[in-house]
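Hi,

Here is the structure I promised to send over. Have a look at it first, and then read on for what I found.

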Amino acid sequence: MIDDDGYFGESVAATYDESSAEMFTPDAVEPAVEVLAELAGAGRALELGVGTGRIALPLARRGIEVHGIDLSRAMADRLRAKPGGEAVGVTIGDFASARVPGTFSVGYLVFNTIMNLTTQDAQVDCFRNVAAHLAPGGTFVVEVMIPQLRKLPPGQNAVPYYVGENRLGFDTYDVATQAMASNHVRVEGGRGSFRTIPFRYVWPAELDLMARLAGMRLRDRWEDWSRAPFTSESETHVSVWEKIAG
């Protein structure tokens, strides 16, 4: 990590909402909040990697008690500064291990954030940490991409996801280790910048095994928050695991 805030320090937090503007639209936010509110019911919700509150704030506006965990103080400061930010509790720490008092009806990780944990052990620890926070019958929800390995021709390890006049974005993959990196190139005012963030991609079946190790079982898997069927052509999935009573 590059500083105490990991890869999401002040320079990233300052423009995060604008750079991810498409994820803050009602079409992106409301379906996720609808599902999570239903799963939370009258209970509490725990968001891992709460960031600037894209999901936590509208969920809290529905009257649900939301608590977030995030490593980045800079991101958490942006959340607290927003209207309603004081209603969302935030614990600063690694969401694979940080503990929050009390129990929760639902825990969730959205927008590929499970991949911010760059080892399999850390991802397993995350499942166990969430399970320890959940009440029996509580659920853990993960929204994450399907690795785009089908787009890799022989001898190539990079997949571009954005090519524009002043910006280039591409992911690189190591199929031997499941390591990947998201790379961002920008040219502004005649000056170029480059930023890379490491991730670990993970398969649906692998996540199911992590859940089983943590005492949870798969309840639902959809292509997206609209609950469209998950198929072999799906590029993302939203999976729901339930903590087994006892």
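Which residues of helix α7 (residues 204-213) are buried? They are Pro204, Glu206, Leu207, Met210 and Ala211, where buried means under 20% relative accessible area, exposed over 50% and partly exposed in between (1.4 Å probe, protein chains only). Seen down the axis of α7, these residues fall within an arc of 160 degrees, so they line one face of the helix; the arc is taken from the directions from the helix axis to the C-beta atoms. The face turned away from the buried side carries the exposed Ala205 and Arg212. Helices (H or I, at least four residues) and strands (E, at least two) are DSSP runs, numbered from the N terminus.

A word on the basis: this is a predicted model, in which local features need pLDDT of at least 70 and side-chain atom pairs count only at pLDDT 80 or more, while totals for chains, interfaces and linings use all residues. Residues are numbered from 1 along each chain as its sequence is written, and side-chain values use heavy atoms, leaving out hydrogens and water.

Now the sheet. Seven strands form an open sheet with mixed pairing, in the order β3-β2-β1-β4-β5-β11-β10; two strands pair if DSSP finds at least two bridges between them. β3 (89-92) and β10 stand at the edges with a single partner strand each, so one side of each has no neighbour in the sheet. β2 (residues 66-70) and β3 pair in the parallel sense over four bridges, and Asp70 has Ile92 in β3 as its bridge partner.

Best wishes
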